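Hello! Please start with the pocket.

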Amino acid sequence: MIRVLLADDEHLIRGAVAALLGLEPDLEVVAEAGRGDEVAAAVAEHDPDVAVLDIEMPGADGLTVSEELNASGARCAVCILTSFGRPGYLRRAMAAGVRGFVAKDAPTQELAAAIRKIHAGGRYLDAELAAGAMAAGDNPLTAREREILRLTGTGTETAHIATRLHLSEGTVRNYLSTAMTKLGESNRAGAFQTAREMGWI
């Protein structure tokens, strides 16, 4: 029996997926979580073989949770379940040791097959998501540009970003200008949106 932890903040979806997976003869949902910051404790308590994580959750997103589980040496394999086909997400997930990446609108049988495959030590990548990631190429933004764009996206003013990162306001503006040029956007809001849609921040 493959023991599964399911984390998704949408209760109805989580319940439906758990019920459908429960119909599979070799799968057992042993724990559920509605927030990303609840996953580590649930993994420690229930010792699942596979953790199926939604990418967008309160507390901590699925990719951050994956990185934390990987860093802590958790035994369970991780499968990301997402409705967002952002290429940067796939790349970040792979870097975090995620073994499965499945679209949320996939049939339950596909998710079950992915769980079985990654439990057996393989990888399972949704073909469309993988193709999108390859077509998009590498993230053109530096770590500092990503950090500044993230802060800009939360509405943080340039002066506050400069103070927080121990930079001059001119340097912050230069980073933003470079990021905008790389992303083909004429303003910082557009650059933030594009980077977020690609999964690069």
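1. The lining of the largest pocket consists of I55, E56, M57, D61, L63, Y89, R92, R150, F192, R196 and I201. Two elements, α4 (87-95) and α10 (188-197), each give two or more residues to that lining. A pocket here is an open set of points on a 1 Å grid over the protein atoms alone, where a 1.4 Å probe fits, with protein on both sides within 12 Å along at least five of seven lines; lining residues have an atom within 4 Å of a point.

2. A word on the basis of all this: the model is predicted, so to speak of local features pLDDT must be at least 70, and side-chain atom pairs count only at pLDDT 80 or more, while totals for chains, interfaces and linings use all residues. Residue numbers start from 1 along each chain as its sequence is written, and side-chain values use heavy atoms, with hydrogens and water left out.

3. Back to the pocket: its space comes to about 260 Å³, a volume being what is filled by probe spheres set on the grid points. The lining has six nonpolar and five charged residues, and no polar ones. In this scheme Ala, Val, Leu, Ile, Met, Phe, Trp, Tyr, Cys and Pro are nonpolar, Asp, Glu, Lys and Arg are charged, and the others, Gly among them, are polar.

4. For the chain as a whole, I find 10 helices and six strands; these are DSSP runs, with helices (H or I) of at least four residues and strands (E) of at least two. The C-alpha trace spans about 60 × 35 × 30 Å along its principal axes. Of the 201 residues, 44% are buried (under 20% relative accessible area, 1.4 Å probe, protein chains only).

5. How do α7 and α9 cross? The axes of α7 (residues 143-153) and α9 (residues 169-183) come within 9 Å and cross at roughly 95°, so the two helices are roughly perpendicular to each other (65 to 115 degrees). On the α7 side the contact (heavy atoms within 4.5 Å) uses R144, E145, I148, L149 and T152, and on the α9 side V172, Y175, L176, T178, A179, K182 and L183. Seven of the residues in this contact are nonpolar, two polar and three charged.

6. Finally, do look at V102 in strand β5 (residues 100-103). V102 is buried, with a relative accessible area of 0%. Beyond its neighbours within four places in sequence, V102 touches C79, I80, L81, T82, E110, L111, A114, Y124, D126 and L129.

Definitions and conventions. Axes fitted to C-alpha atoms, helices over the stretch in contact; angles between N-to-C directions. Parallel < 35°, antiparallel > 145°, perpendicular 65-115°, else oblique. Buried < 20%, exposed > 50% of the residue type's maximum accessible area, 1.4 Å probe, protein only.
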